[in-house]
Every structure is written in C-alpha cells, then in structure tokens.
Amino acid sequence: MISTKGRYALRVLLDLAEHRDSVKPVPLKDVAERQEISKKYLEIIVKELVNGGYVSGVSGKGGGYRLKCDPEKTTVGEVLELMEGTLAPVACLNCKEPYDCARRPFCKTLPMWKEFDSMVHDFFYGKTLSDLVGTDPEAAGDYYVI
C-alpha cells in the first residue's frame, strides 16, 4: 500500500509542475492550502524531495520551492520508491536488501510474485509527472482519491 507520504509527495511535485512558470519560488504554505495538506507534514516530505534532487528550496522572504526535475522524464515509480522504499510485493524480490530464502529454488508462488512485481513496476515507471499534470480527476470515476 502506498502511504500518504508517497501520495502527498506526488501531489507536491504536480503542484510545483503546474506552477513552474512562476517567477518566484512557490511558498510551501500555498502548496499546503491548494492541496489541503498540513504544512508541517509537507515540510518533512519536501525535505526528502530536496535531498532526492526533485525540488530546490529558497529560504527567506520571498522563498519557497521550485521543481528541479523534468516532469517529462520523472516517473511516478522513481518518486514513490524515494518516499516509500521498495515497491516489491514480497521480501525475496527486494533488490535493495538481500533476502536469502531457502525455498527460492522450488517456490511455487515466486513466478506469480515476479509477474505482479513486473506489472507494478511497469505501471508506475510508465507514468511521468507530465502525464498526470493534465489528467482530469473526474476520470477516476467512483474511486475515492486522496
């Protein structure tokens, strides 16, 4: 499951992408108001986005944040993995933390998990921020979107 941290990071990046033509950096309080997210929580999220190289910050009067990444090339998968860690559905597929499973050579469920992992990876890495900037929220249908 994707946490609020990952979802809100995407919302911040999309907000900054929509306002990237602004001459001034975008104040975090403005993003918080537009996205209806606590400014305090966004401060934590934006710090990670700065460390990840996705945004840059300007402090002081007239300060705020600017998108540093290219929305055309930045994938949802990259952002989610920065914020959430691995998206692998099971420990044995997590390539960031080695997991030695004695059952791996004869595991009957491993092919299914690999297929699912591949679908998730292809889905999130196949969507860029620019793909989402122009989307219509109403197109989500009956889903409850946060």
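Which side chain does a polar contact of 3.0 Å join to that of Gln35? The partner is Asp15: a polar contact of 3.0 Å joins the two side chains. The model described here is a predicted one.

## Overall make-up

The chain holds six helices and two strands. Read from the N terminus, the order of the elements is α-α-α-β-β-α-α-α. The chain has 146 residues, of which 31% count as buried.

Among contacts in the chain with a separation of 6 or more, 65% are accounted for by residues 24 or more positions apart.

Gln35 belongs to helix H2, which covers residues 28-35. The relative accessible area of Gln35 is 15%, so this residue is buried, the limit being under 20%. Apart from neighbours within four places in sequence, Gln35 is in contact with Arg11 and Asp15. Asp15 is also the residue whose side chain makes the 3.0 Å polar contact with that of Gln35.

Glu36 lies in the loop between H2 and H3. Glu36 is not a glycine, yet it has a positive phi of about 55°. With 73% relative accessibility, Glu36 counts as exposed, whereas Gln35 is buried.

## Aromatic pairs

A pair of aromatic rings is described by the distance of the centres and the angle of the planes. In this model the count comes to two aromatic pairs. In one of them, the ring centres of Tyr8 and Tyr41 are 5.7 Å apart and the planes stand at 70°; the pair is therefore edge-to-face, for which the angle must be over 60 degrees. This pair links distant parts of the chain, since Tyr8 sits in helix H1 (residues 4-18) and Tyr41 in helix H3 (residues 39-51), 33 residues apart. Tyr8 counts as buried at 14% relative accessibility, while Tyr41, at 26%, counts as partly exposed.

The rings of Phe123 and Phe124 also pair, with centres 5.2 Å apart and planes at 70°, so this pair is edge-to-face. Phe123 has a relative accessibility of 46% and counts as partly exposed.

## The largest nonpolar core

In soluble globular proteins, nonpolar side chains tend to be buried together. The largest nonpolar core in this model contains 28 residues. Within this core, Leu13, Leu42 and Leu49 touch the most other members. H1, H2, H3 and helix H4 (76-84) are the elements that give two or more residues to the core. H1 gives the most, with eight residues.

What does Leu49 touch, not counting residues up to four places away in sequence? The list is Ala9, Val12, Leu13, Tyr54, Val55, Leu82 and Met83.

## The second largest pocket

Rolling a probe the size of a water molecule over the atoms shows where empty space is left. The second largest pocket has a volume of about 160 Å³. Its lining consists of Met1, Ile2, Glu84, Thr86, Leu87, Ala88, Pro89, Phe116, Val120 and Phe124. Helix H5 (residues 110-125) supplies the largest share of this lining, three residues.

Val120, one of the lining residues, is placed in helix H5. Val120 has a relative accessible area of 19% and is buried. The C-alpha atoms of Val120 and Pro89 are separated by 9.0 Å, and the two residues are 31 residues apart along the chain. Pro89 is also among the lining residues. Phe124, another residue of the lining, has its ring paired edge-to-face with that of Phe123.

Where does Asn94 lie? Asn94 is in the loop between H4 and H5. At 14% relative accessibility, Asn94 counts as buried, because that value is under 20%. Leaving out neighbours within four places in sequence, Asn94 is in contact with Thr86 and Ala88. Thr86 and Ala88 are both among the residues that line the second largest pocket.

Is Gly134 buried or exposed? Gly134 counts as exposed, with 72% relative accessibility. Gly134 lies in the segment after helix H6 (129-133). Along the chain, Gly134 and Glu18 are 116 residues apart, and their C-alpha atoms are separated by 9.1 Å.

Terms used: Residues are numbered from 1 along each chain as its sequence is written. This is a predicted model: local features need pLDDT of at least 70, side-chain atom pairs count only at pLDDT 80 or more; totals for chains, interfaces and linings use all residues. Side-chain values use heavy atoms; hydrogens and water are left out. Rings of Phe, Tyr and Trp (its six-membered ring) pair if their centres lie within 6.5 Å; planes under 30 degrees apart count as stacked, over 60 as edge-to-face and the rest as tilted. Helices (H or I, at least four residues) and strands (E, at least two) are DSSP runs, numbered from the N terminus. Buried means under 20% relative accessible area, exposed over 50%, partly exposed in between (1.4 Å probe, protein chains only). A polar contact is a pair of N or O atoms within 3.5 Å; within protein, one must be able to donate a hydrogen and the other to accept it, and residues adjacent in sequence count only if both atoms are side-chain atoms. Contact means heavy atoms within 4.5 Å. A nonpolar core is a set of buried Ala, Val, Leu, Ile, Met, Phe, Trp, Tyr and Cys residues joined through side-chain atoms within 4.5 Å. On a 1 Å grid over the protein atoms alone, a cavity is a set of points where a 1.4 Å probe fits but cannot get out, and a pocket is an open set with protein on both sides within 12 Å along at least five of seven lines; lining residues have an atom within 4 Å of a point. Grid points are joined across faces, edges and corners, and a volume is the space filled by probe spheres set on the points.
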